[in-house]
Amino acid sequence: MQAMELITIDVQTISKKESGQKALSIMEEYKINHIPIVEKGVYIGIISENEILDWENVKDKLSQHLNNIMNPSVFYNQHLFDIIEIIEKNHLSIIPVLDDNKKYIGSISTVDLIHAIGKSSAIKSPGGIIVFEMNQSDYSMAEISRIVEANNAKMLSSYITSTPESTKIEVTIKINKIDISSILKNFERFNYNIKTSFSTDSINKKIMDRYESFMRYLNT
């Protein structure tokens, strides 16, 4: 699951020309402890409720306090695991999401992450996962399926992700076998570019490790 799929549509941003008081009001309305500062689509940084409350005057403009603010973010195509790690490391209630040109496109809240982790942890069907990178013109699900089935396996699901202004795509498939070593060898024999592969056992363990770490952070 990637950052683009987790964006919270209604999280507000604020201009550096606005006051700390205005930022606190938005945070209270949306039940968050941080708010992204964005100017004409450009992400400047993120400011917390505690930082503003430490000012001598919360009516100061945000532009007066930009020297020490953090600017953590994730790119739209970063994985769920990366997002959790950055949020935990920086003790955030939301994380801004940027496009390839580092323009702000939205934010992800910790609430959305909890829902995403819950959904991922609920996937119990055993199997292996393979992620390919290829040119769009080379993509053929019929051929991929044929190679999988030649190894006495079945495809359980698949999805495709693409990068804007690129001819490359990523194809992710889930197979009903945990031991996929022979299938990987066959794909390599047909010159497929395998970016990564793993079993759902290892995925679930990693999800649970991240989940437990994330929940410890939320409870501190």
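The largest nonpolar core here has 34 residues, and the ones with the most contacts inside it are Ile 47, Ile 83, Ile 108 and Leu 113. At least two residues of this core come from each of the following: helix H1 (20-30), strands S1 (34-39) and S2 (42-48), helix H3 (80-90), and strands S4 (94-98) and S5 (104-109). Apart from this core lies another, of 16 residues, with Met 134, Ile 144, Val 148 and Ile 169 among them. Keep in mind that this is a predicted model. As background, nonpolar side chains in soluble globular proteins tend to be buried together.

Take Ile 47 from the 34-residue core. What is Ile 47 in contact with, leaving aside neighbours within four places in sequence? The list is Met 27, Asn 33, His 34, Ile 35, Ile 37, Ile 52, Trp 55, Leu 62 and Ile 69.

Met 27 takes us to H1. The buried residues of this helix are Gly 20, Ala 23, Leu 24, Ile 26 and Met 27. Around the axis they cover an arc of only 160 degrees, so they sit on the same side of H1. What do they pack against? The partners are S1, S2 and helix H2 (49-53). On the face of H1 turned away from the buried side are the exposed residues Glu 28 and Glu 29.

Now the two ends of H1. In the segment before the helix we find Ser 19. Is Ser 19 buried or exposed? Its relative accessible area is 18%, and buried means under 20%, so Ser 19 counts as buried. A polar atom of the Ser 19 side chain lies 3.1 Å from the backbone nitrogen of Lys 22. Leaving aside neighbours within four places in sequence, Ser 19 is also in contact with Ile 14, Val 58, Lys 59, Asp 60, Lys 61 and Leu 62. Leu 62 was on the list for Ile 47 as well. At the other end, H1 is followed by Lys 31, which has a positive phi, near 55 degrees.

The last item is helix H6, residues 181-189. Its buried residues are Ile 183, Leu 184, Asn 186 and Phe 187. Seen down the axis of H6, these fall within an arc of 160 degrees, and therefore they line one face of the helix. Which exposed residues are on the face turned away from the buried side of H6? Those are Lys 185 and Arg 189. Just after H6 comes Asn 191, with a positive phi of about 65 degrees.

Definitions and conventions: Residues are numbered from 1 along each chain as its sequence is written. This is a predicted model: local features need pLDDT of at least 70, side-chain atom pairs count only at pLDDT 80 or more; totals for chains, interfaces and linings use all residues. Side-chain values use heavy atoms; hydrogens and water are left out. A nonpolar core is a set of buried Ala, Val, Leu, Ile, Met, Phe, Trp, Tyr and Cys residues joined through side-chain atoms within 4.5 Å. Buried means under 20% relative accessible area, exposed over 50%, partly exposed in between (1.4 Å probe, protein chains only). Helices (H or I, at least four residues) and strands (E, at least two) are DSSP runs, numbered from the N terminus. Contact means heavy atoms within 4.5 Å. The arc is that of the directions from the helix axis to the C-beta atoms. A polar contact is a pair of N or O atoms within 3.5 Å; within protein, one must be able to donate a hydrogen and the other to accept it, and residues adjacent in sequence count only if both atoms are side-chain atoms.
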